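Please walk me through this structure, step by step.

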Amino acid sequence: MPELTYRDALKSTLVQEMDRDPRVLLMGEDIGVYGGTFLVTEGLLARYGPKRVIDTPISEAGFIGCGIGMAMLGLRPVIEVMTWNFSLVAADQIIQNAAKIRYFSGGQAGVPMVIRGPNGAGVQLSAQHSQALESLYGYFPGLFVAAPATPADARGLLRTAIRGSDPVIFLENASLYGLRGEVPDEEYTVPFGQAAVARHGRDVTLVTHGRTLHMTLAAAAQLAAGGVESDVIDLRTLRPLDMATVVESVRRTHRAVVIEDQGGLYGVAGEVMAGIYERAFDDLDAPVVRVSGEDVPMPYARTLEVLAQPNEAKIMEAVRRTVA
Amino acid sequence: MTRVRVNGDGQAMVRKVEHPGVDTDVLLEWYRSMVFVRHFEEQAERSFRRGKVGGYLHLYIGQEAVAVGVLGAIRDDDIIFASYRDHAYVLLRGTDPGAVMAELYGKATGVCKGKGGSMHLFDVQRGFYGGYGVVGGHLPLAAGAAYTLRYDHGGDRVCVCFLGDGAMNTGAFHEALNLAGLWGHDGLCPLVLVVENNQYGMGTSVPRSSAVPALASRFDAYDIPNEVCDGMDPEVVYDVVRRGVDEVRRTGRPWAVETLTYRYAAHGAADLLQPYRAKTEVQEWRQRDPIAQTEQRLRHAGALDDAKVEAIAAEAERRVQEAVTFAEASPEPAPGELYTDVYGDERQRER
């Protein structure tokens, strides 16, 4: 199996899907001539031309809304947001139009569209460029929310997203683009709503998604050295949310910690915890604990930024409390 | 050229074309259409007052000449996006009035199965891609749809986007127009923008909401050719729009028209008071009523008399009552419909 970076997995999948289906087109700020802020679309303008690789002005509500109209007419736009923070400018388009058109048209029109880009913090980007938005978009029926943590899932989930019939919020992370991993050669898809078990263990269930998977796995390895074996579940998509896999694991381990980048209030971890309490309360030997980002706007100073985010030590501390 | 009073505060120059003289048969058909739309809207309001129609109900009464003139100027394979004041477009497009009324009644037989209501009518088969409830929010959709019409293999279809004067102060309007203007340079945006300047965004007049009340001038900023026309006369609207549409078809560039029109009814049927305008102002505009104007013209041409006017009104009322009967008799949506149409692939729903 070839090893690819997360970035190359995304790019090569875009190429494969654009070669396969002429209806797939790309649109976004500086994705063409510039090659994409994180170089995911580098070289694609030369390959497909300006009609299919559209450089847009800084105008999220405009071009995301245009993507919705294109999708309604049968194209399959894959739109890059430079960061998900900027999607808030287009929240009305995404939430009020993309998510709801199929429903209020009584199924007459659909919006097969992907919006992708980095979510959450980078390094010292401060408050307006560091927000993790999965719980915001996870709230709205009509949207799918995917958050691949590995190059293999980046390809499999992106392919599912592009070939689907509904709008997909596709959450990447700046720290993941350089990550290397094995990516199968064959034309596979990763279905939505199917979590992956990234590590098997009997003592505690660790549930996470996206960037925090990797610190969770590192924490699990350290905990194993101390004799605590973790089941690590990577949710992969947040809507649909695969609670069945989580609950099945908790029934075996009787303990759970949920890890996320975003702040804890009204978040994904809270939703997962509620699901565990609703479906597996009697199986629990300890309260479920969450490790979230701190409940503050992201600070600039590197020391404060590190404090504001989850890390290995915080995860290990939470697990120790749970298994004590 | 004639001057048309816009409202108490501002005046706008309006190009009044010599009547292009559409065939009397065509004008008579438009007259029938306008009478039908008005009867439909009056019935919708009665049904609203009786509690049969819920939510928000935005009536088109007074603006009929715009829809009739524009739809008369485009082809059946052209597509349309619109705001929430959307009944006239689907009715004129040929959608079954019963299915439209049933949608207002929230019935299973409605055009959107009772899930959209008055503000979200759709008839994709007839190229009507929806009414949208957030002012200005549908502008980007229409620009993207227009791009799609030129994406594949040329063709010469156009996308018509109806919007109100209120939409022109939203960010979505300006972002969409900038993109449309840019794509138009490459012949990739056959977008026809029809502003229905009915003088008020809800209760706030154009001069009180727009720093430059000459609204059409905004299109200049995005390199979109534009015109202003009388929106109370279907022949004028038709004539101006037909030439604009021909150009859009040929060039793939967007084009805009600001039609000066007026809604007689409140913004929404639920608004009982209208402290923002004088009754005399409504009366003045009623003097230029599109249906009455057309009727006069047809009488003059010998194509209408009292008996025929009465017969056309009776026929419109008969069709409207048929639609009401259908809506009344139709079943409520089945409870299971609550969960359908959320996703294209229903199996993808949360496990």
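His254(A) sits in the loop that runs between helix 9 and strand 13 (256–263) of chain A. This is a predicted model. The backbone at His254(A) deserves a look. Its phi is near 65 degrees, a positive value in a residue other than glycine.

Follow chain A onward to the next loop. Tyr266(A) lies between strand 13 and helix 10 (268–280) of chain A. Tyr266(A) is not a glycine, yet it has a positive phi of about 55 degrees. Its relative accessibility is 76%, and therefore Tyr266(A) counts as exposed.

Now step back along the chain. Pro240(A) belongs to the loop between strand 12 (237–239) and helix 9 (243–253) of chain A. The peptide bond that joins Arg239(A) and Pro240(A) is cis. Omega there is about 5 degrees.

Next comes the meeting of the two chains. How many residues does each chain bring to the contact? Chain A brings 50 residues and chain B brings 45 residues. Together, chain A and chain B bury about 3,800 Å² between them. Of that area, 62% is on carbon and sulfur atoms. Three residues stand out on the chain A side. Leu73(A), Tyr103(A) and Phe104(A) supply 20% of the area that chain A buries against chain B, more than any other three residues.

By residue type, the side of chain A that touches chain B divides into 27 nonpolar, 14 polar and 9 charged residues.

What about polar links across the interface? Between chain A and chain B, 20 residue pairs are in polar contact, with both residues at pLDDT 80 or more. The count of salt bridges between chain A and chain B is 0.

Conventions. Residues are numbered from 1 along each chain as its sequence is written. Chains are lettered from A and ligands numbered from 1 in the order in which they are written. This is a predicted model: local features need pLDDT of at least 70, side-chain atom pairs count only at pLDDT 80 or more; totals for chains, interfaces and linings use all residues. Side-chain values use heavy atoms; hydrogens and water are left out. Contact means heavy atoms within 4.5 Å. Buried area is the accessible area (1.4 Å probe) that two parts lose on being put together, summed over both. A salt bridge is a side-chain nitrogen of Lys or Arg within 4 Å of a carboxyl oxygen of Asp or Glu. A polar contact is a pair of N or O atoms within 3.5 Å; within protein, one must be able to donate a hydrogen and the other to accept it, and residues adjacent in sequence count only if both atoms are side-chain atoms. Ala, Val, Leu, Ile, Met, Phe, Trp, Tyr, Cys and Pro count as nonpolar, Asp, Glu, Lys and Arg as charged, and the others, Gly among them, as polar. Helices (H or I, at least four residues) and strands (E, at least two) are DSSP runs, numbered from the N terminus. Buried means under 20% relative accessible area, exposed over 50%, partly exposed in between (1.4 Å probe, protein chains only).
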